[in-house]
Amino acid sequence: MPYLTPRASGAGDAWAEEARAAGRRGGQRIVHAGEVPAPEAAAVLLGLTAGDPVVVRRRVIELDGEPTELTDTYYPVAIAAGTPLAGVAKIRGGAVTLLAALGHTGVRVVEDVTARMPSAGERELLRLGPGEPVLRLARTTHDAADRPIQADVMVMPAGRGRLRYEIRIG
């Protein structure tokens with residue numbers, strides 16, 4: 001799964017590569033990065049208390065120049081403070097590759113997907129029409145010691161994309 005595993009040295013962004021393979025243009029804008037008090041949802045995913053400090057990277061994911069997903073990625077301060085994860089510059093190979101280089105490799109992921117109506121801000125950022133629902137995907141990545149090392153909260157238009165899962169059994 002290209003979004004969950006470290007990339008080879010010199011590899012580009014997994015989303016951009018996936019879009020390019022489909023003859024499209026994928027990109028992302030980092031709209032904020034830095035230390036913030038953990039919102040309730042992020043705190044639950046990371047096993048923290050709401051308000052504890054975390055590092056967040058807020059992004060608007062785009063496909064062919066159109067917003068297709070809002071993603072907030074949260075990291076424990078002990079992992080991300082003082083690293084490129086706390087800055088707005090793009091990270092060569094992506095955050096998962098940087099986490100691995102810092103000694104934090106994910107081995108287990110838990111995802112919860114729900115549907116709901118968007119907030120006014122989400123509706124505007126995603127350019128949604130009235131009555132158009134969104135999917136919310138909350139993902140927590142755990143390391144070999146089962147510690148949460150990353151939490152993603154993604155919001156996407158329900159009618160513009162698809163979620164695909166490949167699960168190995170055994």
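These legends go with several views of one predicted model.

The model is predicted, so local features need pLDDT of at least 70 and side-chain atom pairs count only at pLDDT 80 or more, while totals for chains, interfaces and linings use all residues. Residues are numbered from 1 along each chain as its sequence is written, and side-chain values use heavy atoms, with hydrogens and water left out.

**View 1. The fold, element by element.** The protein has five helices and six strands; these are DSSP runs, with helices being H or I of at least four residues and strands E of at least two, numbered from the N terminus. Starting at the N terminus, the order is α-β-α-β-β-α-α-β-α-β-β. The C-alpha atoms fill a box of roughly 45 × 40 × 35 Å along the principal axes.

**View 2. Inside and contacts.** Of the 170 residues, 41% count as buried, meaning under 20% relative accessible area, with exposed being over 50% and partly exposed in between (1.4 Å probe, protein chains only). Among contacts (heavy atoms within 4.5 Å) with a separation of 6 or more, 58% link residues 24 or more positions apart.

View 3. V113, L163, Y165, I167 and I169 together make a nonpolar surface patch of about 550 Å². Areas come from the Shrake-Rupley method with a 1.4 Å probe, and for residues only the protein chains shown count as cover.

**View 4. Zooming in on V113.** V113 sits in strand β4, residues 108–116. V113 is partly exposed, at 39% relative accessible area.

Notes
Patch = residues over 30% accessible without salt bridge, like charges linked within 9 Å, V, L, I, M, F, W, Y side chains within 5 Å. Salt bridge = Lys/Arg side-chain N within 4 Å of Asp/Glu carboxyl O.
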